[in-house]
Amino acid sequence: MTAAAAAEHGHGDHGHHEESFASKYLFSIDHKMIAKQFLFTGIFLFLLGGALAVGVRWQLAWPFTEVPIFGKTFSPENYYAAMTMHASVMIFLVIIPLLVGFFGNWCVPLMIGAGDMVFPRLNMWSYWMFLSGAVFFLVSFFVEGGPSGAGWTGYPPLSEIQPGQGVNMWALGVLFTGFSGVMGAVNYITTILKLRAPGMTFFRMPLVVWSILITSVLTLLATPVLASNLIMLFLDRVAGTSFFVPDGLVAAGQVWSGPDAVGESARAGGGQVLMFQHLFWFYSHPAVYIMVLPAMGIVSDILATFARKPIFGYKPMIYSMSAITGLGFIVWGHHMFQSGMNPYLGLSFMVSTMFIALPSAVKVFNWLGTLWRGQIHFEVPMLFALSFVGMFIIGGLSGIFMAATPVDIHIHDTYFIVAHIHYVVFASTVMAIFGAVYYWYPKMFGRMYNHTLGKLHFWLTLLFLNGTFMLMHYVGTQGHPRRIAVGAWDETVQAGYKYLEDFHWANEVMTYSAICLGFVQIPFFINLFWSMWKGEKAADNPWKANSLEWATPTPPPHGNFAGPVEVYRGPYEFSHPDMKEDYAPQQIEDGTPVVQAQAAH
Amino acid sequence: MRRVHPGTVGPVLLVLVALLPLTACDKAPKRRGPQNYHEYRAANDPRYRGAIGDDASAALSSDDGEFGPASGAVEVTSADAIRAGQVAGAGSVSGRVSYAGKEAKQKKLDLSKDVWCAGNHEVFSEDLVVSSDGGLKNVLVYVSRGLNRFDFSPPSTATELNQDGCRYVPHVVAMMAGQDLKIINNDGTSHNYHFTGRANDEINKTQAKQGQVDLVSDLTSAELSAVFRCDIHPWMVAPTHLLAHPYFVVTDEAGNFELKGLPPGSYEISFVHERSDMTCAPTTVTVEAGKAAQLTAQFTR
Amino acid sequence: MTSTIKTLIHRLGLPALLLALMAVPAFAERGFLLPESISEQGDKIDDLFWAIFWITGLVLVVTEGLLIYFIVKYRAKEGGKAYYTTGNHKAEIIWTIAPSIVLLAIAMLQFGLWREIKAPEHFPTDDPEAVEVHVLAKQFNWAFRYAGPDRSFGTDDDYTFNKLVVPAGRPVILQMRSIDVIHSLYLPELRFKQDLVPGLTITGWFHARDGSAGDYEIACAELCGASHYTMRGEMEILESADWEVRDRELSAQNAPVDYASPTEFFKFWPPSEFTAN
């Protein structure tokens, strides 16, 4: 252990039993407690985002009818607010914080053999920044005019002309979560570079650590661009600047920008609308990889552990993740094929986009190679990891349709893209998150989750997520635009599209399925909280895994490791023919695991 | 018991700072000089001032000049009583607004954008409605000077704006600033009501379904010639007038009007019509207790 | 019993799954997944769609099939031991090169088509048959300005109409503007979609095939405000001769465009800016 970690370690040990409630649970500087703060905040917001999603689905199946429980009919404003906040909450407050804030915090120091993060107090700040962002989002539900209804992309001029404080709150919320992300990224990169245990070379790090390292680089480079963009949007709204306001915009019959502008909100004009989109996607495309790379790392670890096999092609896995990072910065324009940017620019973005599919393909083949001739144990985390692979293939392949620029003309901004993003972010990433929660649950809380509930949760979630998202491809190719409040023609409101009348059944099926998808998360929550107190006591290394987090006492104390740790081999030495056991923990020199009474099979 | 580390004060402060903008949510910033491009232009460019209709807000002058109720006249502050004509010892002003100029004909509007509207209704333009004998409908008649002594509270009942048959009923909204406005969608199609004025905040809401009723109570500042419009049906535009007192009325089909419950004294009466290409000068009138003063006015084009 | 089921899964499961997945595209005639195309460019887009559908479909079947096969075949057995391997250099090279060739092929397939549709030098501006229409979008309406029978803008027979009325069998060039927020003109049957960006005049074109006369719908594909869902437009495609008649008729009814009165739509696109591109 390095000096810094050791110092932190000793410090933690002494203070451990004397900590006040506030310093232990609220202003903790222990990375594991911060991870749990991220976990529980994220889960609470996941419920909120999920409820909003069900509301959106309700509106699409039965437009402008009373939503049960909520007891109200959607107004179009509320619908667009729900849609916007569903996406924003899920992306900025659930997926990214859970993957990076929760898993990054939980895994990185434990897996590299460090006592804590290198900047524990910055780590705490990162959580509080994130919480401030979340507060902005939550508060926006109660401000005048309601939350932003401009879509999670917040394209101006729509986001500039929406009255009220909603969009301001939204921009500040995203800005604060962005700060949080950058703080976390700096911390992860430094921790991984400086605090690795002796013997933990770069190529002995588990793929989770690699994925967090690569994600952090992405976050660090991309987030400032988004921040500058949001600040410009914010200034446009509150200070009357014209970054994104071209000349001659008209609202309510009056010109309100440029030399002819009249009215209270009149401004100078001369801005560029498309600049927002460029800057936004320069961040938000890498953000998609921020949302999937850690999940890939998690899945790699789970697959190797439960297939009892080394990961197939460890280095190609790392190279492909790095390739995704590099390419990830030059593909943003594929969100803008129909936006009016130069069509030749579209061609170059098309080629780079096609090639970003390559590293993902390599990863899929390597996962399949990992399963090949393995000994697959169907524990709950493994089920989720396997479904990740299956669903990620679907999500990845549907991306190729969008990357093909001419096909994109038809399916751009339709439900096809909604299906694609949900296969990548829900069916893949959220499933990986579930898998990871189950996988590290025994280490985190010292008790085992209930296997039956876990399996029930998995199978029902898999069923209903496909029921919800698969049909979106179908209505999408039929031309169902995304972000409309009424799909098929509706007589009572005289809106919607007649060409979609034949496909309204699909909207209803998807809604039924989405409602069920919501309800089948109940076993997960029961399992999460019930097992925390009533679960069976867990062994230190219940999965017989190799990486360092399993070498700690359960649950790990402040400071993590009971003694100095040294690393002798890579993290995936399973089923080596020369070894008696089918696993070889990284920290044990001769490769023979310490036999533990609880771990006997 | 270990003390909380001083560094933890940071996050608390952070959350507090994060919440700061909330406190400023509904308050207008108080600064000197032009606060936005509009004010800058207005301060430097007289043509611009005219373009945005500052003359309309000037009509709500706070300078009574020689006008005002006679000394000892009845005190009135209850808008409810005035609207009901229950002010003892007060007089009234009645008369007629007429139109002279080019022939005025209501054009049939193209409703084909909305299948429901086109299938169920015929709508004619309402920006210039003249009766067979020349009476001008939809003119706002109001007391523009002589009432500064009084401080009126808005009436307790809401006024209504119906979206009925793909048009606004009434076509002109005249109400007291601070009064509630009930907006009703009577149509089998979606409408949205989009209010833009200068003194009041913008309102932009959609009423998706028939029978929806919204109560708007944010129109609290007096201004003339604001507008409600429907962004879905571009032909639907309702001129909206918010008065600081209850002495106003909109002329009927024949161009007739009556202002009730005025304390005896002299007043200036002004007339506003939505067409910018016709005008009508204000008139002076003297009101006597228990009597109805008569006056006529004419818009020419 | 269980062994019988296992055998069934082993022997029949994979082929059955493959067959089931093969059966899906059997229904995949035009009109099943995509609305029927009414333009040549639309057909080409559909061909590309189906090419990608088959390629990705094959990859999907193979990879998902392998995944399921491995899951079934290599499930943990009592006393079994996994085969130790850390990877295979040759395999990595193969499955890096092979997809990159496929991806490159898909990329090459579309270069020409994308340029044909979107590149300015391919716009049929020189075609004497071409019809030019100005499109102006605002919250939440579409408006279209036509040159009238004399085919030139800025003359007295110009007219505006709230429907897109175009001839079949002739190229139609659209000049598009938005006056407030971003809208997107989406004509599903023509495989046409283009964002209308405030501050820019964007040109697009399509060519409805002969015999495609009929009524179609215009969708707005970009969120443009709370009433975005009401921004439905209508398109009328007429055979060329019928269209000429209809054009004259509409011109007689609606011309000329009244730039003086505040019709809002075209007040902000004066004749001096007609040829922006």
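**Entry 1: a sheet in chain B**

I looked up how strand 4 (residues 159–163) and strand 7 (residues 181–185) of chain B pair, and found the parallel sense over 5 bridges. I took helices (H or I, at least four residues) and strands (E, at least two) as DSSP runs, numbered from the N terminus. For pairing I required that DSSP find at least two bridges between two strands. Within this pair, Gln163(B) stands opposite Asn185(B) of strand 7.

I noted that the model is a predicted one, in which local features need pLDDT of at least 70 and side-chain atom pairs count only at pLDDT 80 or more, while totals for chains, interfaces and linings use all residues. Residues are numbered from 1 along each chain as its sequence is written, and chains are lettered from A and ligands numbered from 1 in the order in which they are written.

I then followed the sheet in the order 5-4-7-10 of chain B: it is open, has 4 strands and shows mixed pairing. Its edge strands are strand 5 (168–169) and strand 10 (213–216) of chain B, each of which pairs on one side only.

**Entry 2: strand 8 of chain B**

Is strand 8 (residues 191–196) of chain B mostly covered or uncovered? I found it mostly covered, with 6 of its 6 residues buried. I called a residue buried if 20 or more other C-beta atoms lie within 10 Å of its own, exposed if 12 or fewer, and partly exposed in between, with C-beta atoms placed from the backbone. On one side of strand 8 the buried residues are His191(B), Tyr193(B) and Phe195(B), and on the other they are Asn192(B), His194(B) and Thr196(B).

I next recorded the partners. Strand 8 pairs with strand 9 (residues 203–207) of chain B in the antiparallel sense over 5 bridges, and a hairpin joins these two strands through 6 residues. His194(B) stands opposite Asn204(B) of strand 9. Strand 8 also runs antiparallel to strand 11 (residues 223–229) of chain B, with 3 bridges joining them; there the bridge partner of Thr196(B) is Val227(B).

**Entry 3: Val139(B) and chain B as a whole**

I located Val139(B) in the loop between helix 6 (115–120) and strand 3 (140–145) of chain B. Why does Val139(B) count as buried? It does so because it has 25 C-beta neighbours inside 10 Å. I treated two residues as in contact if their C-beta atoms, placed from the backbone, lie within 7 Å. Leaving aside neighbours within four places in sequence, Val139(B) is in contact with Val97(B), Val250(B), Thr251(B), Phe271(B), Val272(B) and His273(B).

For chain B as a whole I counted 6 helices and 17 strands. Of its 301 residues, 39% count as buried. Among its contacts between residues at least 6 apart in sequence, 68% join residues at least 24 apart.

**Entry 4: the sheet in chain C**

I found an open sheet of 5 strands in chain C, with the order 3-2-1-5-8 and mixed pairing. Strand 3 (159–161) and strand 8 (202–207) of chain C stand at the edges with a single partner strand each, so one side of each is left without a neighbour in the sheet. Strand 5 (residues 171–178) of chain C pairs with strand 8 of chain C in the antiparallel sense over 6 bridges. In that pair, I noted His207(C) of strand 8 as the bridge partner of Pro171(C).

The buried residues of helix 3 include Trp95(C), Leu103(C), Gln110(C) and Trp114(C). I saw that its buried residues pack against helix 11 (314–328), helix 12 (343–371), helix 13 (380–403) and helix 14 (405–411) of chain A, together with helix 2 (40–73) of chain C.

Finally I looked up the chain contact: 87 residues of chain A are in contact with 76 residues of chain C. On the side of chain A, helix 12 gives the largest share, 16 residues.
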